[in-house]
Amino acid sequence: MGVRFLGWGVAVPDRIVTNDELSETLDTTDEWIFERTGIHERRVGGTAKSLGVEAGRRALQDANVDPLSIDFLVLATTTPDRLIPATAPMVANELGLVAPAMDVNAACSGFMYALRTAQGLLATGATRVLVVGSENLSRWTDWNDRTMAVLLGDGAGAVVLEKTDDEGDLLSFHLGSDGSLADLLTCEHGGTIWMDGKEVFRRAVRIVVESAEHAMKDANVTADDLSLVIPHQANVRIISAACSRLGIEMERAVVVLDRFGNTSSASIPLAFDDARTNGRVKPGELALMTGFGAGMTWASAVVRWSR
Ligand code: UT7
């Protein structure tokens, strides 16, 4: 069996926080932030639930399916509204789903981990699964810490997946984790997010390249076969270094972090949405989706768009 992407949706808060605005309260500049990260501005506001509901509703509309036909909701978030309950049941309730619902936390790889989980659910009896990635990172940001505050943003993305009898859209998957690196990017209960940026950067490039190579090998494709790379949006320099090592020109990579910053498990669907809006998602063509994040965790998938 295979998995088909039926419909996508995204949601971001209205409030735009520019680099210039951050420079008013932090010892930073638009030039520094843009040169080191590629970020111009980010969205701030909402909650994991409210953004997840909006993105989920749009994905259901885009897929043109009845909420009651969804068999499972998997919601990726690293910033749940509460410790308990999980955010997923509340989102399911708002969307009118009558289905099991659970959160997945794999930090910035969360959307990819949720997709992989959904693939497993579809292989074992579910017909349709809603996957949501929703983040409220601003709540866990120390707005006085210039090393983190300039990087993060809020947002959500969602996709409806359906089981198919053919090969489907997801051709391969490669995931991994290494908990010995847990302290590189961390947030204690009641604390704020902290990162050893340089070390995460170094590891991220290596991890993305290795995991992408695994996924391409498993799908029996090469970098030349890909028309699009939809990477996690942490830093444009990470995307560019990884693409260069994979032999992929930056023109094939989707970059939206200039507008949204790093939205963790919402970043890949936000990038997909941008690519689709700009006519870059073409039936029959191949793409690589790849993410990495705290844990550390990582995940790559090769997909073929069927619609
Ligand atoms: O989503 C999951 C994972 N997240 C990531 O993948 C992020 C990975 N890391 C990064 O993207 C980069 O390491 C950062 C953007 C976080 C930092 O860039 P960098 O080029 O590694 O800078 P740095 O940490 O080496 O800092 C260079 C200098 C330091 O000053 P000194 O020690 O040279 O005097 C920092 O204190 O820049 C200073 N600095 C800033 N200056 C102005 C750090 N943050 C800022 C800032 N504005 N916001």
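The C-alpha centres of domain 1 and domain 2 sit 15 Å apart. Before going further, keep in mind that this is a predicted model. Domain 1 runs over residues 2-164, and domain 2 covers 170-304.

On the domain 1 side, 46 residues are in contact with 44 residues of domain 2. Together the two domains bury about 3600 Å² between them, and 66% of that area is on carbon and sulfur atoms. Trp 8, Cys 108 and Met 112 are the trio to click on here: they supply 20% of the area that domain 1 buries against domain 2, more than any other three residues.

Now for the polar side of that interface. Between domain 1 and domain 2 there are 18 residue pairs in polar contact, counting pairs with both residues at pLDDT 80 or more. Which elements of domain 1 give two or more residues to the side that touches domain 2? They are β1 (2-11), α2 (30-37), β3 (41-43), α5 (110-123), β6 (128-136) and β7 (154-164). Helix α5 gives the largest share of that side, with seven residues. Sorted by class, the side of domain 1 that touches domain 2 has 22 nonpolar, 14 polar and 10 charged residues.

Charge pairing comes next. Side chains of opposite charge can pair when their charged atoms come close. Across the interface of domain 1 and domain 2, the rule finds one salt bridge. Asp 62 forms a salt bridge with Arg 276, and the closest N and O atoms of that pair are 2.9 Å apart.

How many salt bridges does the structure hold? The count is 14. One of them joins the side chains of Arg 4 and Asp 169, at 3.3 Å from N to O. Arg 4 lies in strand β1 while Asp 169 is in the loop between β7 and β8 (170-177), so this pair ties together parts that are 165 residues apart in sequence.

On to the ligand. There are 23 residues around the ligand, and those that come nearest are Thr 28, Lys 198, His 232, Asn 235 and Asn 262. Some side chains are worth a look for their polar atoms. For Asn 262, a polar side-chain atom lies 2.6 Å from an oxygen atom of the ligand. In the side chain of Asn 235, an N or O atom is 2.7 Å from a ligand oxygen. Arg 36 also has a polar side-chain atom 2.9 Å from an oxygen atom of the ligand.

Most residues other than glycine have a negative phi, and most peptide bonds are trans. Where is Asn 64 found? Asn 64 is in the loop between α3 (48-63) and β4, and Asn 64 has a positive phi of about 60° although it is not a glycine.

Then there are the cis bonds. The peptide bond from Ile 84 to Pro 85 is cis, with omega near 0°, and Pro 85 has its place in the loop between β4 (72-76) and α4 (87-95). Met 296 is found in the loop between β12 (286-293) and β13 (297-304).

Technical notes: Residues numbered from 1 in each chain as written. Predicted model: local features only at pLDDT ≥ 70, side-chain atom pairs only at ≥ 80, totals over all residues. Heavy atoms only, no water. Domains from an automatic or database assignment. Contact = heavy atoms within 4.5 Å. Buried area = accessible area lost by both parts, 1.4 Å probe. Salt bridge = Lys/Arg side-chain N within 4 Å of Asp/Glu carboxyl O. Polar contact = N/O pair within 3.5 Å; in protein donor to acceptor, adjacent residues only side chain to side chain. Helix = DSSP H or I, 4+ residues; strand = E, 2+ residues; numbered from the N terminus. Nonpolar A, V, L, I, M, F, W, Y, C, P; charged D, E, K, R; others polar. Near = heavy atom within 4 Å.
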